[in-house]
Amino acid sequence: MGKNSTDKRKGRQTTSGFRQHVSEQKAVPAHATLAKARSLDVTGFVEARSFEINALQRSLESAKTSGNARAFQTLPRHLRRRAASHNVKRMPVRLREKAISEMKKSAQSSKTLGDSGRLTNAKKNNRYKRRRTRSVRAEYELRQTGKRWLETHVWHAKRMHMKEMWGVMVADSPNERSHRAAYRAAMEKTFVQDVSFYRTIEVAGQAEAIIQLVGCLVAPEELTIVTSCYLSGSRMAPLTIYRAGQYPLAALGPVTALWKPAVEGESRAMWVRVHPCIADTVLSELVNARSLIQAQQLKIDDISCDLVSFELMGNQSTQMLCSILSHTAAPKSCGSSILQAIRTLPSPASLPESVVLALRIHDPRLHFPFKLPEGKSLLLPEQQRQLDELLLQWPAGAASLSDTSDGGIWDRATCASDVERRPSEHSINERRHAQLIPGEKLNPDPSVDVTVPLVLIRTGPEALLGSRVIKTASQLVDNLAHGWTLLAPKGWGMSLWMALNFAGARAQGLQERQHIGFEAGLSTFPANWPGTDAYDSWAGSIAADEFAKWSRRPPGKRANYLQMGVESPFSSPFYKLLGMTSSPAIYPEITANDLQCRIKRLRKINSNKKAAALATTNACANDNSDVDMADPDTANELVTSDTTA
């Protein structure tokens, strides 16, 4: 009874307290309670509890890395290095203390750390010394033994698969899947490729002798270099080269010829741009033709190492070139006015093919980086009239600079001296640092800076086919078949390449270029030139690789082309279209000798079967004698039976 009475008194007290609390709540106005409940001072709330929030964040971060990750594993992925876990000096300063403590606990601490926590047997030739300029240059020169690197080789080697072809290290394809991206870039934006591996042969002398020399190597009806538009240097002539005096047989491949603009009192010169797979042959044929016509006064030189060249395609290629090359050294020259007029063209296909434009621009590093202008700029009536006249007739003086004494890119000695006395990257960066407004472009200083002579060539299907285009425009995709070729002196390749890439051009390799040519409906050399020595060499190397790959597979896992009746599984027998009994080139073929490993396996199986038969009966032993595998008929029967089984 005492316990129950106590509970009743507590219940009455609780009920009375609840009633008093309710009465106090009723005393507060309803609108004040709602306003207080709906309003919250977030800033004051966070400031009052900042210590708790920071402590919670620190505890969460420490929980992540306390026992699950080491110091070098806490770095972002783009800052991680494989050797960082073994060399404390490669760690950021903020993580070295933690890394040292971890290495002391590890089993290898006695090999790398002393009592003071410093490296005891660190390499004397550390990474800083190995990566010094003279050390890197010496290493690169050693690695170039037997092959040539382009000026953009290091940039490409970090981003693309490199392949040694024609004695040059060439970018084959990017590390990422980019066929569709390359197609979009060539159709809508800008596709760029470093084609400095193309060879350039200079023929200097009298114009009549040069014409006679080239006439020995081309078809008589295709000697277009004698016409006025090509002879003046305002257009580049497409040609198909044959061996000297053997037309229409012994074709070598397509080339392009560009005349140096005529200067009074000077001899003429012509550049022949050749694919590297036939460059040595063309050079030797030019020398042979010179002896045939007895024109020993002609000078033939290979100047491939004195030039760099880039190929651009796409809808925005013209606009990009106009933006990068707009800072010309002579704003009132013919080339500068043409550049300003064509910047609004929607596609390079709007301009005549093979036209040439000579420019002299300021150092592209002064105005780096370049950006394409947003939106479409409207032309003034005077500019529109100039553009219309330009599309109707290309100016004859576009291929030469305003100053007749300026040899431009043709004067190789002056170009080499300009490269030697140009300011270094360090001096240009110091000038940028001294600018009052960060990011402002540098103004050219005539006493320090140098200018760069360039040549722009509007390339298209003619350069790939080696002759005038027969196909109509509807059969070709304009953006994929037309573009520009930029020629510059050696030493300026990396500066122009970085300007193009930062402006938005997409760099690609050989595979993407062949893919774009296929989509445009154009043939590429040498893959689509059967009957030439270049095609036989190209197809022969591919056939040899495919044959080696086929030979490495086990006999039971590879196709039996002999049984299928495939005579040439690794190459295309184009010689049969001409009625020839055999191919002039040597391609790998499958013969009975390639089946020896398979024959040995069949012989072993056959001997096991016979041993089992001998165990059961001796009468069948004499009948089941060993098969003579040297007999080719027996070998073919075994191969056929094994494949059928």
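The buried residues of helix H15 are covered by elements that include H14, S10, H16 and S11, where contact means heavy atoms within 4.5 Å. Those buried residues are Gly335, Ser336, Ile338, Leu339 and Ala341; buried means under 20% relative accessible area, exposed over 50% and partly exposed in between, with a 1.4 Å probe and protein chains only. Helices (H or I, at least four residues) and strands (E, at least two) are DSSP runs, numbered from the N terminus.

This is a predicted model, in which local features need pLDDT of at least 70 and side-chain atom pairs count only at pLDDT 80 or more, while totals for chains, interfaces and linings use all residues. Residues are numbered from 1 along each chain as its sequence is written, and side-chain values use heavy atoms, with hydrogens and water left out.

**Confidence**

- The chain averages a pLDDT of 79, and 76% of the residues score at least 70; pLDDT is the predictor's confidence in each residue, from 0 to 100.

- An open sheet is formed by 5 strands in the order S5-S6-S7-S4-S8, with antiparallel pairing; two strands pair if DSSP finds at least two bridges between them.
- Strands S5 (237-242) and S8 (299-302) stand at the edges with a single partner strand each, so one side of each is left without a neighbour in the sheet.
- From one strand to the next, the twist averages 30°; axes are lines fitted to C-alpha atoms, for helices over the stretch in contact, and angles run from 0 to 180 degrees between N-to-C directions.
- S5 is joined to strand S6 (residues 251-259) by 6 bridges, and the two run antiparallel; Gly253 in S6 is the bridge partner of Ile241.
- Helix H13 (residues 279-292) packs on the sheet and touches S4, S5, S6, strand S7 (268-274) and S8, its direction making about 15° with that of S4.

**Strand S9**

- In S9, 7 of the 7 residues are buried, so the strand is largely enclosed by the rest of the structure.
- Leu307, Ser309, Glu311 and Met313 lie on one side of S9 and Val308, Phe310 and Leu312 on the other, and all are buried.
- Strand S3 (residues 191-194) is joined to S9 by 4 bridges and runs antiparallel to S9; Met313 in S9 is the bridge partner of Phe191.
- S9 and S12 also run antiparallel, joined by 7 bridges, with Trp484 in S12 as the bridge partner of Leu312.

**Nonpolar cores**

- The largest nonpolar core has 42 residues, of which Leu325, Ile342, Leu456 and Leu500 touch the most other members; such a core is a set of buried Ala, Val, Leu, Ile, Met, Phe, Trp, Tyr and Cys residues joined through side-chain atoms within 4.5 Å.
- Elements that each supply at least two residues of this core include strand S9 (307-313), helix H15 (334-341), strand S12 (483-489) and helix H21 (493-502).
- Beyond four places in sequence, Leu500 is in contact with Val192, Phe310, Leu312, Met320, Leu321, Ile324 and Ala505.
- Another core, of 34 residues, lies apart from the largest one and includes Ile201, Val218, Met270 and Ile278.

**Gly493**

- Gly493 lies in helix H21 and is buried, with a relative accessible area of 1%.
- Leaving aside neighbours within four places in sequence, Gly493 is in contact with Glu151, Thr152, Val308 and Phe310.
- The C-alpha atoms of Gly493 and Ser196 are separated by 9.0 Å, although the residues are 297 apart along the chain.

**Aromatic pairs**

- There are 16 aromatic pairs, counted where rings of Phe, Tyr and Trp (its six-membered ring) have centres within 6.5 Å; planes under 30 degrees apart count as stacked, over 60 as edge-to-face and the rest as tilted.
- Phe197 and Tyr198 form a tilted pair, 5.5 Å centre to centre with 40° between the planes; Phe197 is buried at 3% relative accessibility, whereas Tyr198 is partly exposed at 26%.
- Trp550 and Tyr561 form a tilted pair, 6.1 Å centre to centre with 40° between the planes, and both residues are buried.
- Ring pairs link Phe547, Trp550, Tyr561 and Phe570 into a cluster.
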